Amino acid sequence: MDHQHLSTLLWREQELLDLLLFKAEEKQYLILTGKSRWLARIAHEIEVVLEQLRTLEVERAAATEQIAGRLGLDANPSLRQLADSAPAPWNDLYAKHHEALLVLVSELRGLSDANRELIESGLAVINDALTSSQPAATAGTYTQNGRASGNAYRSVTLDGAL
């Protein structure tokens with residue numbers, strides 16, 4: 001594993017994070033427009049991208065370990081530490097990867113938080129609507145055995161002329 005391989009992995013990670021950001025924006029659009037039909041599909045697509053990121057992260061960690069060993073760094077260094085210790089031009093390239101990844105992760109966190117708030121407020125509206133549509137406690141309803149609930153012993157007048 002060399003610097004070029006690690007740099008390629010970092011570019012791929014940026015591409016996947018950018019795709020994840022796009023999918024999160026799609027999800028937000030679906031939430032805002034009420035097109036809930038597609039939410040399950042977008043959730044699946046997001047999960048596919050996350051799985052690709054997890055796989056890539058394992059490969060990136062292995063590549064980073066090998067380079068760190070050659071540079072005399074401790075095990076599992078951060079990308080910033082690697083940038084500080086790598087020879088030119090890799091030090092500059094790793095620093096740029098680090099900055100780009102930080103920006104993407106920050107944007108993803110913000111969008112994820114916004115989507116969560118939208119979903120939570122939507123659920124609150126649905127809950128309020130369901131609560132307001134439930135019959136009042138004084139309304140006459142029936143139990144499982146057919147008796148009136150609430151006021152079980154009310155007076156009944158029958159018309160004897162029937």
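**How we know: helices, angles and burial**

Me: Lys23 is found in helix H1. Why does Lys23 count as buried?

Reply: Buried means under 20% relative accessible area, exposed means over 50%, and partly exposed is in between (1.4 Å probe, protein chains only). Lys23 comes in at 13%, so it counts as buried. Not counting residues up to four places away in sequence, Lys23 touches Ile42, Glu45 and Ile46, where a contact means heavy atoms within 4.5 Å.

Me: What should I keep in mind about the model itself?

Reply: This is a predicted model, in which local features need pLDDT of at least 70 and side-chain atom pairs count only at pLDDT 80 or more, while totals for chains, interfaces and linings use all residues. Residues are numbered from 1 along each chain as its sequence is written, and side-chain values use heavy atoms, with hydrogens and water left out.

Me: How many helices and strands does the protein have?

Reply: Four helices and zero strands, running α-α-α-α from the N terminus on. Helices (H or I, at least four residues) and strands (E, at least two) are DSSP runs, numbered from the N terminus.

Me: Are H1 and H2 roughly parallel or roughly antiparallel?

Reply: H1 covers residues 3–33, H2 covers residues 39–71, and they pack at about 160° with axes 9 Å apart. The axes are lines fitted to C-alpha atoms, for helices over the stretch in contact, and the angles run from 0 to 180 degrees between N-to-C directions. Under 35 degrees counts as roughly parallel, over 145 as roughly antiparallel, 65 to 115 as roughly perpendicular, and the rest as oblique. The angle of about 160° is over 145, so H1 and H2 are roughly antiparallel. Their contact residues divide into 19 nonpolar, four polar and nine charged. Here Ala, Val, Leu, Ile, Met, Phe, Trp, Tyr, Cys and Pro are nonpolar, Asp, Glu, Lys and Arg are charged, and the others, Gly among them, are polar.

Me: And what makes H1 and H4 roughly parallel?

Reply: H1 and H4 pack at about 20°, with axes 10 Å apart. That is under 35 degrees, so H1 is roughly parallel to H4. The contact of H1 with H4 holds 21 nonpolar, seven polar and five charged residues.

Me: Why is His97 called buried?

Reply: Its relative accessible area is 1%, and that is under 20%, so His97 is buried. His97 is in helix H4 (residues 90–133). Leaving aside neighbours within four places in sequence, His97 contacts Ser7, Leu10, Trp11, Gln14 and Leu79.

Me: Is Asn76 buried or exposed?

Reply: Exposed: 62% is over 50%. Asn76 lies in the loop between H2 and H3 and has a positive phi of about 55° although it is not a glycine. Most residues other than glycine have a negative phi, and most peptide bonds are trans.

Me: Where is the cis peptide bond?

Reply: Between Ala88 and Pro89, with omega about 0°. Pro89 is in the loop between H3 and H4.
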